[in-house]
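Please look over the sequence and the model below before reading on. The report that follows takes up a few residues, some helices and the aromatic rings in turn.

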Amino acid sequence: MSSSPDKALFYAFCALLVWLPLPLASNIAWAWSVMEVWAGLLFVVWCWLFSQNKVVISKSCYAARYALVFFGVWLVYIVLQIIPLPLALLETVSPLSLEHWTAIGKTAQASISVEPKITRVSLLLSISYFLIFFLTLVLVSNRKRLKTLAYTLVCSGLFQAVYGAVMTLSNWEYGFFIKKYAYIGVATGTFVNRNHLAGYLEMTLAIGIGLLIATLGSESNGANFKKKLLNLFRLLLSAKARIRLSLVMMVIALVLTHSRMGNTAFFASLFFAGVVGIVFSKHATRSVVVLLVSLILIDLLIVGQWFGFEKVKNRLEQTSEISENRDEVYDYALKQWEDYRLTGAGLGSFYAVFPQYRGVDVVGYNREAHNDYLQFATETGAIGLVLLGLITLLSLFAALLAQYRRHDPLMRGLSFAAIMGITAILIHSSVDFNLQIPANAATFVVLLALGWISLSMSNRKLGQ
């Protein structure tokens, strides 16, 4: 594989994934523009190599063809939100959009999106996510690359964890080369929002746990106590211990974010994926069970107590309707969705439309809905929500199927990672907006692709 024509493309792709969280999670215009150009160039070069018959479409890409189709339909749908339509047609598909445009003097054609400029920006972001999904499928074409991708994301998560913890515990409080102006006293890494660092750590922790599971060898039923004890010591002294240490450090940072749903989503998704792995597996070893139990008990009871889990627990206990106004935001956003139920008001338009619906009991500037499901519903309607749901659920189903069918440790480990990471973000998305953050959204689509890769990649180890 050292002479593979797309080898440089693969490493450039890994570099992109490491870069994305660094400049404030790429949630600023110049940074997400870099992502769009970077992903676009990688895609163009890959297409050129494909036209020269130097690369082929991977088996994983064929397996994920329906998810790719739905992703493509999503992009076409966002284009349709921008294209000017005859007013008679617009009245049929989105009466409120027509009302908006006629109020400002449009008399010929108008778009479904009430903010077509920001929807164009969101369309370019969606295209880049599609390209990252596609590039993951075609570039991660063998076991060696799959391991490299996984270790790359774990190292990126570890860097964010160490950086965030050091900044918090040392009181330096710097983000990406600038002094933090928010979330002082909690870990944010190079992110602005602690909840978004928590979301990123949930996904990279899932990949790290999957890697650790993949390295656990099968047990011999006839092994005596001495041999089992020797195997345990070998595990503690092996390279696997470095992964475990990295996981501990990432859990420390996750706890230091004091993110309520971030910590809840991590442990809930770990429990869910663990139960799935044990139930679906016909070869669940005792070492896997011990690992999952230790992850929960050691991290929760020891690491959490040392580094502030008590503060997270207190925040959960103190959460009330008085201290939170998200419930009110959700109520008004639901009313907004009722008016734009089918087609939405345009991807990215929430910040512009929501002020027309919010009451006086909602204070501050609400750029996001703090609920990804509700935000996508208001912006893209039932059509967009169904398309995104199909992409996600198909990929999650592929990972679940891999857990049931595959016996290869690496594929089982990475399918576990996909199940856990996807589930964690689905839980966290109910109260936050991780999928509106480019670094987290891009990492999420990589997890979606891992579900298909773990299901379809060959067991053949020649050339790795």
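## Cysteines, fold and contacts

Cys155 counts as partly exposed because its relative accessibility is 48%, where partly exposed is the range between buried (under 20% relative accessible area) and exposed (over 50%), with a 1.4 Å probe and protein chains only. Cys14, by contrast, counts as buried because its relative accessibility is 5%. A search of the whole structure finds zero disulfides, a disulfide being a pair of cysteine sulfur atoms within 2.5 Å.

This is a predicted model, in which local features need pLDDT of at least 70 and side-chain atom pairs count only at pLDDT 80 or more, while totals for chains, interfaces and linings use all residues. Residues are numbered from 1 along each chain as its sequence is written, and side-chain values use heavy atoms, with hydrogens and water left out.

The secondary structure of the chain comes to 19 helices and two strands; these are DSSP runs numbered from the N terminus, helices being H or I with at least four residues and strands E with at least two. Of the 464 residues in the chain, 55% are buried. The chain exposes about 20600 Å², of which carbon and sulfur atoms supply 67%, by the Shrake-Rupley method with a 1.4 Å probe, where for residues only the protein chains shown count as cover. Where contacts (heavy atoms within 4.5 Å) join residues at least 6 apart in sequence, 79% of them join residues at least 24 apart.

Arg143 is buried, because its relative accessible area is 5%, and Arg145 counts as buried because its relative accessibility is 5%. The side chain of Arg143 makes a polar contact with the side chain of Asp408; such a contact is a pair of N or O atoms within 3.5 Å, of which, within protein, one must be able to donate a hydrogen and the other to accept it, and residues adjacent in sequence count only if both atoms are side-chain atoms. Arg145 and Tyr11 are 134 residues apart in sequence, and their C-alpha atoms are 9.2 Å apart in space.

Thr188 lies in the loop between helix 8 (143–170) and helix 9 (194–215), and it counts as buried because its relative accessibility is 2%. Leaving aside its neighbours within four places in sequence, Thr188 is in contact with Lys180, Tyr183, Asn193, Arg194 and Leu197.

| Atoms or side chains | Distance |
|---|---|
| Side chains of Arg143 and Asp408 | 2.7 Å |
| Side chains of Thr188 and Lys180 | 3.2 Å |
| Side-chain oxygen of Ser259 and backbone nitrogen of Gly262 | within 3.0 Å |
| Side-chain oxygen of Asp408 and backbone nitrogen of Leu410 | within 2.9 Å |

Helix 12 (residues 260–280) has 21 residues and should span 30 Å at 1.5 Å a residue, which agrees with its end C-alpha atoms being 30 Å apart; the expected span is 1.5 Å times one less than the number of residues. Its buried residues include Arg260, Asn263, Phe266, Phe267 and Leu270. The contact from Ser259 to Gly262 stands at the start of helix 12.

Helix 18 (residues 409–428) has 20 residues and should span 28 Å, and its end C-alpha atoms are 28 Å apart, which agrees. Because 17 of its 20 residues are buried, helix 18 is largely enclosed by the rest of the structure. At the start of helix 18, Asp408 reaches with a side-chain oxygen towards the backbone nitrogen of Leu410.

## Aromatic rings

The structure holds 14 aromatic pairs, where rings of Phe, Tyr and Trp (its six-membered ring) pair if their centres lie within 6.5 Å, and planes under 30 degrees apart count as stacked, over 60 as edge-to-face and the rest as tilted. The rings of Trp74 and Phe376 are edge-to-face because their planes stand at 85°, with the centres 6.4 Å apart. This pair links distant parts of the chain, with Trp74 in helix 4 (residues 65–82) and Phe376 in helix 17 (residues 372–405), 302 residues apart. Trp74 is buried, with a relative accessible area of 3%, and Phe376 is buried at 12%. The rings of Phe350 and Phe354 are stacked, because their planes stand at 20°, and their centres are 4.9 Å apart; Phe350 and Phe354 are buried. Ring pairs also link Phe43, Trp46, Phe50 and Phe134 into a cluster.
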